[in-house]
Amino acid sequence: MNLDLINLFLIQALTIGTVYLIATLGEVLSERAGVVNLGLEGLMEIGATVAIIVALITENAWLGILAAFVAAAALATVHAFATVSLKLNQFASGLAIYIFGVGIGVTFRGYARDVILGPQALLKIPKIKAAFTSIKIPGLSNIPVIGSLFSLDVMAYFGLFLGILLWFIFYRTRTGLNIRSVGENPAAADAAGINVFRLRYITTIIGGGLAGVAGGYLIIKIATQIAGETVILGRGWIAIALVIFAFWDPLRAIIGAYFFGALEALFYWLQGYFGGATVVMLKAVPHISAIIILTIMSIEALRKRIGAPEALGKPYSRE
Amino acid sequence: MASEEKPPAVLMKGIVKQFPGVLALDHVDFEVKAGEIHGLLGENGAGKTTLMSILYGVYKADAGEIYIHGRKVNIRSPKDAIKLGIGMVPQHFKLVMAHTVVENVILGLKEFGMVLRMKEAEKKIVELASTYGFKINPKAKIWQLSMGERQYVELLKALIRKANILILDEPTTVLTPQETRELFSTLKRMREEGKSIIFISHKLEEVKELCDRVTVLRKGRVVGTVDPKKVSLADLAKMMVGREVLFRIKKEPRKVVSEEPILKVKGLYALSDKGVMAVKNVSLEVYPGEILGIAGIAGSGQEELAEVITGMRKAEKGKVVIAGVDVTNTSPKKIFELGVAYIPESRIYVGTAPNLTIWENMIMRHHRYPPFVKNKIVLNLPYIFEFAKKRAKELNMMYSSIFAPARTLSGGNLQRLILARELAETPGRKTRLIVAVYPTRGLDVGATEYVRKVLIEQRNRGVGVLLISEDLEEILMLSDRIAVIHNGEIMGVVKAEEANIEEIGLMMGGALRKTVSEKKAQ
């Protein structure tokens, strides 16, 4: 294998890794305050649809990403309302968001492609993709192999920055202490004068918005046409699993997301050698991770042993 | 002691609070002088916590006025209370277990900046602690701390918010006698610093020892405010309950003596819900006709131990033998059939199904067997209704109808319902062992006396009783032998008549280990 191939592989791994990273960080934020959002997949799908449509209409990828954030955040608000205000089961609400998000996202994308955008919109795709061309850091990007780490696009750098920022917020700031405390023991936080409900709304909404950004980035980055079927392909579920593998730590989430990005890239490469079987295996991964997520989340003892936020999944109400 | 010119730290006048169906507080007047430790004494449901919740802004009074340091105030939320310098140490600590002491103490405070200045906060906490004569490691995680230390963290939370009126709600419930003494000296030191302390309790001795004045509440009314040094314990008890109270339950010497233990636990290990080893190498025996008390701070593994014995929790290692039958990791059903009565810690949810009716709860474990069931499938309702009414009467239950849901019962009556069911004897089943976990927790004096009497009665007729309680008084009063548990291990077993409260306290705190001489109970 020559160096170019390795470079190509790394860039692919880091790109997919960035999708995972942004979605995972969003879920980490939400779960740290005690709200599980199993609707990540749906939020990413909605984000993808809104991003591509807005980007193509405005011919601006960044407006697309922004719109994706807003749309997914809006849907996450529904989740926050259901679980924080109405105190409904977070799993049930999350699954509803998942089904709704994927359904509406895919259907509306197909409708927009055929009715709103029309065939000439496809011609604009290369233009909006240009927003995500790699930025080569002078000098560093020329180093063989690891040079690819310094020739990423803006969103990849944003993902890294976001991970470090979240870590800093969680462990070094007052807001972070508030968020962590709300996720561990909302009654204690409430007694200390922290508005548990407001904080959970904010983290759930921003976390959901980030999932939308991940979906938007994914579709614009990989698009050659406007797909009338799901583009997320279970990556939302893997991102939720990554939250657990990262033990709710943003820095570990960076490592986990890139590792899964590499794994997925590896599958695509193996496909070239072994054919369709690897694709079937790849498609099974999200479903397997969904089962693992639900199992882990449901077993109280297991959750405690792996250090999940104590109040994760539990609605809070004052006695 | 406070000088007379100073306005009282707290003055509550004519406080009325109505809850649906009950008048919780009926024109209560309450005064705390600056720089005194003021006891607030009363039974469960007397209104102590409600009164303090009003002072702390959790509830709003329907009528009445509050003055803090002579100034009339309107306290709408705990935030207002904190601003007025009122601090509360709740009975159930509100701490984040996974976080450190500093993180818990500064939670919600703005003075350490947006990017938290942790070093500064740590220093301040250590200083504050040393002002009042205690030590704490600010970097320790709460779960690593003892109950006594956790209480200090709650105190620090109030102190760092500059509280000069401190409310402590039943603070000694979770402490060993030694920890209680340390807490008292800290509180006295706070009094010297000019702080006013409100000490909520139902333990007469403690109030007498610590407080400058005591206000006694009964059924939402003030019975009186007295100097506890000038009245006897019996007088205080009478004020609190409204009648004479038996301090000692008459206990005859053991009559039924047997060489064969009814319960034998050997080398038992079990995990807690969190997956840590909660019961470690526990061996003990309960003989027919004796009460073996297990003393220990709540959460020392005694709940898990009881659950393993009754088949509700898996044993990792070791053996449980009941009436000669090895029942380790069998089933609650089999253990029940052997004649084990279980009075669980949680009366609602484990002890009863709150939404089912009284009669359903009354037969819940018996319903599999005749005469409760005909042809193994159809419930024998006429017999069951008769049985439920009979048992309810035998245990003096107060209830509207056996068709009412169990959740409508008060704590004392719910406990009577559980006793009525668990101790019911049917042709196929005699009670041989009672496993009672915190059987009087949260009950009023009357119900407590009743439950204790039932346990003694059962013992006298030859039933073995394993009594788990956090109330050392209760353990000493009822037990024939006392086993002390600390951190999942039995620290020693002593005979009740040779028991020394000091020694038991040290064992509860893990400081003393007595070589267990597992003698045959005489």
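**Contact surfaces and backbone exceptions**

Reply: Chain A and chain B bury about 1,900 Å² between them, 61% of it on carbon and sulfur atoms; buried area here is the accessible area (1.4 Å probe) that two parts lose on being put together, summed over both. On the chain A side, A:Arg174, A:Leu177 and A:Ala192 lose the most area to chain B, and together they account for 31% of what that side buries. This is a predicted model, in which local features need pLDDT of at least 70 and side-chain atom pairs count only at pLDDT 80 or more, while totals for chains, interfaces and linings use all residues. Residues are numbered from 1 along each chain as its sequence is written, chains are lettered from A and ligands numbered from 1 in the order in which they are written, and side-chain values use heavy atoms, with hydrogens and water left out.

The contact (heavy atoms within 4.5 Å) involves 21 residues of chain A and 20 residues of chain B. One salt bridge is found across this interface, the term denoting a side-chain nitrogen of Lys or Arg within 4 Å of a carboxyl oxygen of Asp or Glu. A:Arg180 and B:Glu103 form it, with N and O 2.8 Å apart.

On chain A, helices H6 (154-172), H7 (174-184), H8 (186-191) and H13 (300-305) each give at least two residues to the side that touches chain B; helices (H or I, at least four residues) and strands (E, at least two) are DSSP runs, numbered from the N terminus. H7(A) has the largest share, seven residues. By class, that side of chain A holds nine nonpolar, six polar and six charged residues. Ala, Val, Leu, Ile, Met, Phe, Trp, Tyr, Cys and Pro count as nonpolar, Asp, Glu, Lys and Arg as charged, and the others, Gly among them, as polar.

Between domain 1 and domain 2 of chain B, 16 residues of the former are in contact with 16 of the latter, and about 1,100 Å² is buried, 62% of it on carbon and sulfur atoms. B:Arg181 and B:Glu502 form a salt bridge, the closest N and O atoms being 3.6 Å apart. Helices H6 (177-192), H7 (204-210) and H8 (233-241) of chain B are the elements giving two or more residues to the domain 1 side, and H8(B) gives the largest share, five residues.

Backbone exceptions remain. Most residues other than glycine have a negative phi, and most peptide bonds are trans. B:Pro370 and B:Pro371 are joined by a cis peptide bond, omega being about 5°. B:His27, in strand E2 (residues 22-32) of chain B, has a positive phi of about 50° and is exposed at 54% relative accessible area. B:Lys162 has a positive phi of about 60° and is likewise exposed, at 58%; exposed means over 50% relative accessible area, buried under 20%, and partly exposed in between (1.4 Å probe, protein chains only).
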